[in-house]
Amino acid sequence: MFRKLSALALAAAVSTTCHAQATLAIEADKPVHPVSPMLYGLMTEEINYSYDGGLYAEMVRNRTFNHSWSGFQHWTLDNAGDSSATMKAVDNDGPSEVLNHSVRVDIANATNTAQAGVRNDGWWGMMLRPNTEYTGSLYVRGDIGSMVVSLVNSTTGHVAATTTVEGITGDWKQLRFTLHTGTALQPGAGNHLLLSFTRPGSVQMQLVSLFPPTYKNRANGNRSDLMEMMANMHPKFLRLPGGNYLEGDTIQDRFDWKSTLGPLVDRPTHKGTWSYQSSDGLGILEFLEWTEDLNIEPVLAVYAGYSLKGDHITPGPGLKPYVDDALDEIEFVTGDTSTKWGAVRARLGHPQPFPLHYVEVGNEDMFDKSGSYSARFTQFIKAIHAKYPSLKVIATDVIKNGTQPDLVDDHYYKTAEEFYGMVNHYDSMPRTGPKIFVGEWATREGSPTTNLGAALADAAWMTGMERNSDLIEMSSYAPLFVNVNPGGMQWESDLIGYDATKSYGSPSYYVQSMFAQYLGTEVSQSTLSGGVHTRFFTSVTRDPAKGELYVKLVNGSSEPQGIDIKVSGVNVAANGTLVTLKGDARTATNTIADPERITPQTLKVRASANVHHTVPPLSVQVLVLPAK
Ligand code: AHR
């Protein structure tokens, strides 16, 4: 991912004169404590069109024909020439118990040359690439025999791919189709899906779906570019399924994992917390497969009996069904095929259990003003530990009744100035209580994605997390994703932006990547002294097995920072590497139109045990020293 530049001596690369001159004395043979191997992971939820219209590769928007006063959003009639058709909602008639509604299209006039139809405009368009196969399906019944399915350029009317779906009869059935684009097609998102008819009649439809090729070719899978961007963050875990999305506005709107299992036609969809309906195409099994594809482990957040608008379940017998539901969910993740829920997972195509070490009970339960969380958490942790003693259970608030969680999840959404002031927040925190999971955090500057100023403060904060990684076992930035189209964002300042055509990383994204790639296995003893700018921070870690020392240097000031790096206790070889992320202004950023303005540059540098270096203004650097 990082650009390789030609080899230069470190001193030659950093000849700028500077006022401040600091010394960083590193005693590499004196580890202070191990670095938590789980320190950096991922957190996502259905926000900013992260899944529908984002990671989840479905191209059809409102595929289940949810109806509002204004009609079926994202579906419109498309009647060519003299053809005519109308569209209406049908209640109590659909292909399954949970999708027991549909759209009915009544075609009064249609011919081969003047087809009547309906079109779907996708998630701000439909990205089409040349020479590509798109896989589709729909549930349909009617008296019309066949329909034409096409991908059409919305500006020119050019048909990029077309096929005929036969076999439409009076009974609901799922029909599948494929659409192939030609080699001459110009890639672009200005396209729609057209379902059209060549003769009069009536059809009812439900669950119209279309997928491009997906990451690792999974059916019902994910966008490859976004999966690759996550892989390049070198994460260790995925906290799933959120965030507020776990809780729902009401108990009924929670992430009810059992309703996200199995064929899509058996998933009712549900109201998300960020103003739009969730298709639940990304259900619990798809979440787990996502972790499998990235070779990371899930941190399973279970619904804990509190929802955002204040509903809560009183601890005791009323909470027991929710506790049992969480135990079922853990069994679904980890149970072998002899268990009830392990067998369900196997029937759904995944006999192999998934690894699981962490379960989080709820999300941000400090907002539960009823004060019920301590007792709710206690009921959950007792039941979980009784059945799964080795699982680590995470609380989302301080537990006030003496029950000791294994970890507590702290969230921080801050300005850059606030984070600079908090770099030492955990330095003096007692080590006798639960470990810390910084499960959501971000410097909130820049929109839709964060800018360099945010990335610098992120990096400063991360030096503090690394230094305290005996206490901070895990952390995950949030939110991870934003669809940058108008109306796509509910939460400003996100890590990765995209539209239907492409994705890009914010400067903060590259900081995440740099810190996780050069994590190290132990924190080395280091002392920073001398003339140090107020916004200058360091972190030193080492990986003895790899024979590498990682010196992270964060200069959030507009002045260069001179530094003498003196390494003792190991032999430093000459072939070092210096990775630099920098820009001219704190407001400098990447955008969908200019996605690589701020990206890390990698230099080969001549290293030694005494490095005289200047850290550029507004920069984050990782100096990799070969050290044995
Ligand atoms: O990350 C956005 C939201 O911030 C999360 O849903 C919630 O947990 C937090 O308040």
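**Group meeting talk: a barrel, a sheet and a ligand**

Let's start with one pair. Y412 stands opposite W441 in β24. Strand β24 covers residues 435–443, and strand β23 covers residues 407–414. The two pair in the parallel sense over 7 bridges. Some terms now. Strands (E, at least two residues) and helices (H or I, at least four) are DSSP runs, numbered from the N terminus. Two strands pair if DSSP finds at least two bridges between them.

A word on the model. It is predicted, with local features needing pLDDT of at least 70 and side-chain atom pairs pLDDT 80 or more, while totals for chains, interfaces and linings use all residues. Residues are numbered from 1 along each chain as its sequence is written, and side-chain values use heavy atoms, leaving out hydrogens and water.

Back to the strands. Both β23 and β24 belong to a closed barrel of 8 strands. The order is β4-β17-β20-β21-β22-β23-β24-β25, with parallel pairing. From one strand to the next, the twist averages 30°. For such angles, axes are lines fitted to C-alpha atoms, for helices over the stretch in contact, and angles run from 0 to 180 degrees between N-to-C directions.

Next, the open sheet. It has 5 strands, in the order β7-β10-β15-β12-β13, with antiparallel pairing. Which strands stand at the edges? They are β7 (75–77) and β13 (159–168). Each has a single partner strand, so one side of each is left without a neighbour in the sheet. The twist here averages 20° from one strand to the next. Look at β12, residues 145–153: 8 bridges join it to β13, and the two run antiparallel. S146 stands opposite E166 in β13.

How is the chain divided? Domain 1 is 3–35 + 521–626, domain 2 is 40–57 + 215–485 + 512–517, and domain 3 is 67–211. These bounds come from an automatic or database domain assignment. The C-alpha centres of domain 1 and domain 3 lie 56 Å apart.

Now the ligand. Residues around it include E45, N244, E440 and P479. The shell divides into 5 nonpolar, 3 polar and 3 charged residues. Here Ala, Val, Leu, Ile, Met, Phe, Trp, Tyr, Cys and Pro are nonpolar, Asp, Glu, Lys and Arg are charged, and the others, Gly among them, are polar.

Take the polar contacts. The term means a pair of N or O atoms within 3.5 Å; within protein, one must be able to donate a hydrogen and the other to accept it, and residues adjacent in sequence count only if both atoms are side-chain atoms. A polar side-chain atom of E45 lies 2.3 Å from a ligand oxygen. For N244, a backbone N or O atom lies 2.9 Å from a ligand oxygen. For E440, a side-chain N or O atom is 2.8 Å from a ligand oxygen. Taken alone, the ligand exposes 280 Å², and the protein buries 93% of that. Accessible areas use the Shrake-Rupley method with a 1.4 Å probe; for residues, only the protein chains shown count as cover.

Last, the loops. A cis peptide bond joins A478 and P479, with omega about -15°. The bond from S447 to P448 is also cis, with omega near 0°. P448 is in the loop between β24 and α9 (452–467).

Terms used: A residue is near a molecule or strand if one of its heavy atoms lies within 4 Å of it.
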